[in-house]
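Here is a short note for a colleague who is new to this structure. Please read the points below with the view open.

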Amino acid sequence: MARVTLNAGEPGRRDVALLAVLAVLLVGATAWLVYREAVPEYRDHQRQFGNLVQRRLGDAAATAVPAGIQQLWVPGAGRADRCPSCHLATAWRGFERGDEPLRTHPAGMLRAHPTNRFGCTLCHGGQGWAVDRERAHGHVPYWPEPLADASMAASLLPGAGRASLMALNCNACHRYETATAGAEIINRGKRLVDEKGCRACHRINGRGGLIGPDLSWAGDKNPEQYDYGRLSGRRSVFTWHEAHFQDPRALVAETVMPSFHLPPDDIKALALLVMSWRRVGVDASLLGDLPRTDSPSPQERALAAEMERGPGAWFVKTGCYQCHPVSVFGVKSPTPIGPDLSTAMDDVERRFSVPVDTFVKNPSGTMKAVFARQFMLSPAQKDEAVRELRAAYAEFQRQQAVMPAAPARAK
Amino acid sequence: MTRRRFWSLRPASTGEATDAILANLLLHWFPARMRLTSIAWTPSFWLGTVTWVLFVLLLLSGLPLMVFYVPSTREAYQSIKDIEHVVSFGWWIRAAHRIAAHLMVIVVSLHLVRVFLTGAYKNAGQREQHREWNWVIGVAMLVGTLLLSFTGYLLPWDQLAFWAVTVSMNIVSSTLLVGPAIRDALIGGREIGQTALMRFYLLHIVVVPIAMAVLFAYHMWRVRKDGGLARGDAPQDAAEVVVAIPAVARRVTVVALLTWLVVTVLALVIPSPLEEAANALVTPNPAKAPWYFLWLQEIVADTTVRIGSVAVNGAFIGGVVLPMALLVLLTLWPWLDRSPAATVGATLPRERRTQVLVFIAIAAIVIVLTGVGLLRGPSWQFYWPWQPWANVPTRF
């Protein structure tokens with residue numbers, strides 16, 4: 001058997017050399033590791049800010065500039081925001097014109113939302129756990145709440161600015177307010193919800209119809225849970241809502257949701273509003289005196305009560321008035337998206353070529369979905385509905401006879 | 001006098017007392033002298049030692065992680081964020097732990113391949129050897145390594161962890177009769193939650209490491225008892241033997257430092273992923289098993305077919321029948337291999353040619369399927385590395 005050596009040459013001698021080389025490399029790798037740990041991004045900002053404060057406010061002030069990781073623990077929201085590690089000037093006066101991250105935060109907003117109670121990310125978005133710019137700003141994979149910054153605003157809401165995008169975060173807590181100062185785009189969305197009568201079909205904040213899906217927590221729906229099959233272009237929750245508000249049927253074939261022919265700005269406002277309906281897990285102590293429920297206004301309630309006492313009481317109690325006015329009985333609809341029921345006897349025959357009683361028993365179009373999902377009337381109730389519609393039409397004819405010129409025929 | 005299986009605290013004779021010392025692994029890690037063939041770089045490539053060094057590195061890096069990690073579904077994810085972002089060197093310790101774990105799976109597999117190819121599970125000496133049992137211990141340690149890695153997979157409690165374990169548990173529960181019971185025992189219920197996290201954590205930090213340490217001790221002791229690296233028997237020649245210390249110790253140190261260096265550098269350049277927090281309501285697309293089980297998931301996916309009214313249960317075939325059959329075959333192979341002892345250490349000897357080629361073919365299939373599994377994208381579609389995945393949806 002041939003003699004086997006450790007390696008060419010004296011056994012072990014090469015091992016000693018190898019050991020030496022490895023030791024040097026290991027020391028090098030360890031030095032690299034220590035260097036990476038020892039020079040975090042925030043240290044530069046802290047040094048810079050220290051110099052800035054020293055120049056402007058003197059040595060004494062400079063000693064108050066903190067060093068190391070700075071953390072805001074927000075027990076009310078279960079968040080640890082380490083943003084102040086770089087954003088040092090937030091609470092300092094005199095750096096209003098500075099560049100980020102060394103810039104004073106606008107005072108008004110901080111008074112209402114002190115950072116020691118609210119932290120940063122609740123309003124701004126971003127990943128508060130991280131302490132390097134890229135990951136902290138959260139424009140990285142697997143972080144669903146990126147910082148609402150100018151570049152993101154520019155791509156989603158051209159011309160609208162960063163504050164509009166941040167309004168989405170405001171509404172997580174301010175959702176039950178009818179209007180929130182500074183959140184114009186969200187306020188616009190809320191007005192549209194009232195004007196267009198979204199609640200006729202959708203439950204929002206616990207109030208509304210059952211024909212469409214409950215939207216109260218629609219913002220929690222994950223990107224993976226949308227059907228992008230009919231959406232061309234970039235796939236995101238925002239683009240899905242945009243396309244859906246533009247033409248619901250183009251995205252969801254079986255939907256009964258009509259297209260409201262909204263201008264692009266309204267569509268963006270509504271998309272942001274829907275996405276803002278999220279659970280943020282905020283303690284009640286942070287909500288202060290914000291409304292906790294979304295109830296109809298006193299005027300709306302008073303009107304409904306008055307109408308319930310009138311001749312059109314049946315339409316009010318049953319809920320028809322949510323979409324349909326019955327003008328001959330003085331029944332007004334908060335969201336009159338359906339035709340006036342005063343002339344339903346005529347209307348139905350003209351539009352569906354069937355008498356009203358047949359239509360009520362076996363409806364088609366939108367009313368099919370309404371009767372199937374929201375107002376599930378028994379045969380006896382349907383007979384009653386026909387009797388009520390006949391009564392309304394009789395009243396309409398009576399009024400016509402008295403005042404032939406009255407414009408009673410509605411949409 | 002019959003020899004004791006274990007050393008006694010009350011030795012009955014001087015011989016027994018001596019035996020107790022001689023049987024002590026720590027005192028006799030190295031023999032006084034070793035053959036040059038046993039410490040040559042080839043054909044062992046020192047893969048077993050590398051595995052051991054990785055195991056030690058995993059224990060060392062695991063200790064500080066245990067200080068900061070909280071095994072609770074409410075806090076696990078955030079504690080990993082803390083380790084990653086604010087604990088001093090936390091990002092590197094976590095990366096080193098992860099890299100060492102992945103490397104351990106790779107190296108231990110290569111070790112098994114090497115032992116098989118050189119027929120080192122065969123007894124070829126005049127002295128009493130039980131290399132076949134060391135092979136069985138080795139197979140058990142391969143399973144232990146996979147179990148260590150797999151139980152660690154769940155701990156970050158992110159989407160990757162949650163769904164990889166969900167996929168694997170679905171496969172486990174498709175085992176005939178005992179499947180659901182095994183799943184229930186492993187995760188403490190039907191769904192992955194706090195009980196699953198706690199059980200995985202205890203398996204990961206206590207049960208499996210201790211079992212591995214015991215198996216390892218026996219594995220090393222067996223290697224010494226069987227006369228070091230397997231070879232065809234040859235007369236002892238003084239020129240082929242070196243004194244273990246310093247020659248072997250030095251070489252072990254070289255291997256340890258090299259392993260440590262590789263782990264250090266890889267941990268510096270490969271950041272550890274952490275996906276979104278676990279969410280039982282949102283299945284990521286694709287949801288993949290850990291990479292070392294991807295070849296099984298691939299088989300599961302490919303064998304789940306419906307032919308007419310007959311549905312083939314892919315999870316049962318790919319997840320249970322096939323791996324169990326392979327594992328049983330692997331364990332029993334020393335007794336099934338009837339080739340002569342002289343083939344030990346030889347490269348592709350005629351007598352073992354068929355089994356070696358079949359083994360290589362199976363290994364190649366496993367590697368290819370793992371690669372295919374790695375390249376799967378949304379809806380389990382195949383994507384080449386240069387092909388971007390079709391439009392992964394985001395919030396904005």
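1. Chain A is divided into domain 1 (41–137), domain 2 (179–283) and domain 3 (302–402). The bounds come from an automatic or database domain assignment. The C-alpha centres of domain 1 and domain 3 of chain A lie 60 Å apart.

2. This is a predicted model: local features need pLDDT of at least 70, side-chain atom pairs count only at pLDDT 80 or more, and totals for chains, interfaces and linings use all residues. Residues are numbered from 1 along each chain as its sequence is written, chains are lettered from A and ligands numbered from 1 in the order in which they are written, and side-chain values use heavy atoms, with hydrogens and water left out.

3. The largest nonpolar core has 75 residues. A core is a set of buried Ala, Val, Leu, Ile, Met, Phe, Trp, Tyr and Cys residues joined through side-chain atoms within 4.5 Å; buried means under 20% relative accessible area (1.4 Å probe, protein chains only). Leu54(B), Tyr69(B), Trp92(B), Leu154(B), Ile192(B) and Phe200(B) have the most contacts inside this core. Several helices of chain B each supply at least two of its residues, including α3 (47–68) and α9 (194–225). α5(B) gives the most, with 12 residues. Helices are DSSP runs (H or I, at least four residues), numbered from the N terminus.

4. Look at Phe200(B). Beyond its neighbours within four places in sequence, Phe200(B) is in contact (heavy atoms within 4.5 Å) with residues including Phe150(B), Leu154(B) and Met169(B).

Key: Buried < 20%, exposed > 50% of the residue type's maximum accessible area, 1.4 Å probe, protein only.
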